[in-house]
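This briefing sets out features of one protein chain, grouped by topic. Please read it alongside the sequence and the coordinates.

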Amino acid sequence: MYIVTMRNRALSLWALLKLLAFSYAASYDNFAFPVDQSVHNYSRSTEIEKHCSSFISSASKLESGDSNAAKLKTELSFFNGDWEQKDSHGATLMPFDDSDMPYAPYMIHPWKVVSFEVQNVSSYEPNQPKNTISISGVLSIGITRNTTFISEPGLKFLKSPGMSALRVDFEGVYLETNENGGERLLCLLGDSTFPFKKVPTRFTDEYMDLYFSARDTLYNEEPVILPHDQILLIVRYPKVVSLVNNHIHGEMTSLKEMEDFEYFDKVQITSHSSIIRECDASTSEGPVLDSFDQNPLEDAMLEDGVNKFNNSEFCRILKYFEHEEYRVMPNLKLGGQNAFQDTVGPFRLGNEILLVDRNNENLRIIMHKISCEEDKVSGVLRLYPATFEPHVATRRTGLSTLTLSVKGTWNSSTGLLSMTGCLGPSLAECDSGVLLYFPKYFSSKQRSVVSGSIISLKDATTAFWPVFFGLEMLSPGLHDGGWYSNVYLSYNYSKSDLANEFIERIQEPKYMTYIWKSFIQYIQYPNPQDLQIETFTSSETFVRVEVLSVGPLFRTNDSHFYDGYDHDVVNMSVNLFLIEKPNKVYEESYHHVSKLYLEGVYDQHTGKLYLVGCRKVDTDHADLERGLDCLVQVTIEYSSLNARWLINPTEKITIRSLRNLDDVYQFKTIRLHTLMIHDRRHDKDVVLRKIFEGYFRVFLLLVYIVHILNQMRKMKKSNERVAYISLVVLGMWIVGYGITLIFNKEILIRSLVSQYDVTQPSDLQNYKRYLNNLDYFARFLVLVSMFLMARIAQMVLKARKILQEQGEPTPSEKKLLLVCLRAYMWYFTLKCVEVGVQLYIKKATLTKDEYMRLIMQLFRYTVYDLQDYLLYVQIIASMVWKPRLPNPGLKYFVIGLWVPSLIQFPYEVVRLFGTYHVMNDVV
């Protein structure tokens, strides 16, 4: 009992926090120009009485409480409603710049939004008609793609990509009538300023786009400012508010003649009343059915399990998920249209959503305006484009053929919410049923915390196909601390048999497993965070792997798993996402496997994840499971932990289809190799690697110095042997290492710089002094080697002078230098050609200065490591000079300088094997 109470308190706290956060955002998120709350000067009473006479004549007597100014300001104001112009005269109210629309304009239209805020209420104005109250307010009307924020509220009209907004100031009267069962009504006259270019007609969008702007850049002249004060607004409110009678309807018309320039087609406005009460959910008004004969969710409920909340739990959880977006699932299981459609279940498209494809990728549903009392529920289901952010959709109050007002009953014994839905602003068509349940289990086929369906209550001839929707939460354990998944969800491994068969088929011999287990350590349970991958596989593809659960337990943001599942092989579920750069050039598209829902096992001794799972597909097929291709096999190979100090950790991912080659859903195998990943031990590994490389540099330089000193001792015995050492070779050593020291480059061993290290260098502050001392000592040893090489150069010059005095021929450095320069020019030309080909493939265009900088960068790149080419130059020298006698001592000197490179070579091979790294390329 205590646990249930604590759980209910936690639910209440989460719901309260979300409500507070949403309420705070709402005050800043309404589509509205600022309203001046000062006293309004009512100056149009004669005009108002003339145009509102038919309403004033039928006004009923106002009660004493009806004139409360604060109450009227609240109840008569509405925000974020809808408007449209149904008349076909072509006189549109305003233009819209859709240049930032992400979807093709023929599929998605922006949102036409309207708000009205009462500015002033007065009951004692002179010449005020009987039984009326004077009202003034501001109507904010516009068109927006995905925001309600007006960036320049000081303007009368604003037009920018993705937003058009117009302010109209109104004054008039408030009254009440007994017509239509009792109504409250506003009759107002308004004025605004339109910055139109004065042209003969403005009935087409082409003309509107041409001249409707704050400044006409084409002719560079100011627009003609045209005031329009003949605007009539009629707004009707229900006198008695209930769940089925809480809708605001309005009409804004131009009093000008159709031929006049200021005329615009009638604007129809809809919104919800802001005074609906929570307790109204329990009223019996309106059509309500407790259950339906048909239930297309029945099989899914049996497979997924159902959470059967008590009434209080149910209301808290339903309110908690109120502002989340639901995905509309493609109806592949029960059939449906295979081409583009203009309806989705009961929803009639044509306003914001013109067309949808059968995958419904551009559709979302949100359930808001929820009232819940005991087991009675009401609210609004709103279909909207995926281009809208959920927080913008939740602010909407308008009613259209994309809204379904719902009311129904929660059955705690079956875990099913059954509601009846009424379409549109009129609520005349109440022939839709809505079913909702909360799955108990997640699996590779089921990734929703709430699932539902909209069914038709019409007869078979006019019925629509069921619409399936779900609150898809790919990682519920990572959402809001994972409280919901920990309490109400567990994972069902529906593909474990396939995964086990997969392991048995590719399992390595036992003796290999023993060797791996003895010497190489991989990521161990319970550290699933280390199995997460977030990195690039190339410059055009980003991969993300999320560990969803281990065993039946979901992973959470701030905790590890219990030790009870600490086995050699553990069950895991994983999400794998491939995020691609738009318009990929250098590699194939992975769109068909961009989102994979996987489950399987992780072998802690081999560091491999063996997974089988599902992917979304575009076409119907008999083998599909809930519209998913669930014959996908994935292997993820992780790098060993005890080698990460030496080798940057990367992962190999293999994705293959288990279908036959002639199957429509079969795809060729995909193999990905990631760039370096970053884990919690990365900084420590980098420090250990840098310390090792620091000592390794010192060791290699000491080998160089010992070899040079040993050769200098032997050179003192033979002048002829010393004379044939090339001064170019010695000069390359001195110049090469001189450049290294001047430009502060790393000596001998270049660090492998990962993509992560480029953007977020490791924190080495605690070891910086120690590493600097190692670096200073290595540079001192380099200076010693340069001094010794200069000393050898003196010995070479002295030996050649002695040979000249004895009449012996001496080698010519001039001829050797010319040959080496020729070889270098060939090498430099080849590098330029290589870079040029790369630029041509990338279709890059460079300026003259950029070309010069590129050539200079290439030059520096080719001379930075001159000391590495000593052997080649000495070989050329031997071919050019052709000494009379073989000189093995000369070979030992030059080849000996390569011995440290041979010692270094295995280390370079090991750390480069299977590792991608980012170098400072010249391109």
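The model is predicted. The chain has 923 residues, and buried residues make up 50% of them. Its secondary structure comes to 21 helices and 30 strands.

**Whole chain**
- The accessible surface of the chain is about 44800 Å². Carbon and sulfur atoms account for 56% of that surface.
- Of the contacts between residues at least 6 apart in sequence, 73% join residues at least 24 apart.

**Aromatic pairs and cluster**
- A pair of aromatic rings is described by the distance of the centres and the angle of the planes.
- Searching the whole structure gives 24 aromatic pairs.
- One of these pairs is Phe 321 with Tyr 484, whose ring centres are 5.2 Å apart. Their planes stand at 80°, over the 60 degrees required, so the pair counts as edge-to-face.
- Phe 321 sits in the loop between α7 (311-320) and β10 (325-329), whereas Tyr 484 belongs to helix α9 (residues 483-488). The pair therefore ties together parts that are 163 residues apart in sequence.
- Both Phe 321 and Tyr 484 are buried.
- Phe 536 and Phe 542 also form an edge-to-face pair, because their planes are at 75° and their ring centres 5.0 Å apart.
- Phe 536 is partly exposed, its relative accessible area being 32%.
- Phe 321 and Tyr 484 also belong to one aromatic cluster, together with Phe 309, Phe 314, Tyr 320, Trp 410, Phe 438 and Tyr 488.

**A charge over a ring**
- Lys 112 lies over the face of Trp 83, at a distance of 5.0 Å from the ring centre.

- β3 pairs with strand β2 (residues 111-122) in the antiparallel sense, over 11 bridges. Ser 122 has Ser 134 of β3 as its bridge partner.
- β3 also pairs with strand β5 (residues 163-177), again in the antiparallel sense, over 12 bridges. Here the bridge partner of Thr 144 is Met 163 in β5.

**Helix α4**
- An α-helix has 3.6 residues a turn, so residues three or four places apart point the same way.
- Helix α4 covers residues 69-76, and its Leu 72, Glu 75 and Leu 76 are buried. These three residues cover an arc of only 85° around the axis, which puts them on the same side of α4.
- Ala 70 and Thr 74, on the other side of α4, are exposed.

**Thr 537 in strand β22**
- Strand β22 (residues 533-538) contains Thr 537.
- Thr 537 has a relative accessible area of 12%, which is under the 20% limit, so the residue counts as buried.
- Leaving aside residues up to four places away in sequence, Thr 537 touches Val 543, Leu 672, His 673, Thr 674 and Leu 675.

Notes. Residues are numbered from 1 along each chain as its sequence is written. This is a predicted model: local features need pLDDT of at least 70, side-chain atom pairs count only at pLDDT 80 or more; totals for chains, interfaces and linings use all residues. Side-chain values use heavy atoms; hydrogens and water are left out. Rings of Phe, Tyr and Trp (its six-membered ring) pair if their centres lie within 6.5 Å; planes under 30 degrees apart count as stacked, over 60 as edge-to-face and the rest as tilted. Helices (H or I, at least four residues) and strands (E, at least two) are DSSP runs, numbered from the N terminus. Buried means under 20% relative accessible area, exposed over 50%, partly exposed in between (1.4 Å probe, protein chains only). A charge sits over a ring if NZ of Lys or CZ of Arg is within 6 Å of the ring centre and within 35 degrees of the ring normal. Two strands pair if DSSP finds at least two bridges between them. Contact means heavy atoms within 4.5 Å. Accessible areas come from the Shrake-Rupley method with a 1.4 Å probe; for residues, only the protein chains shown count as cover. The arc is that of the directions from the helix axis to the C-beta atoms.
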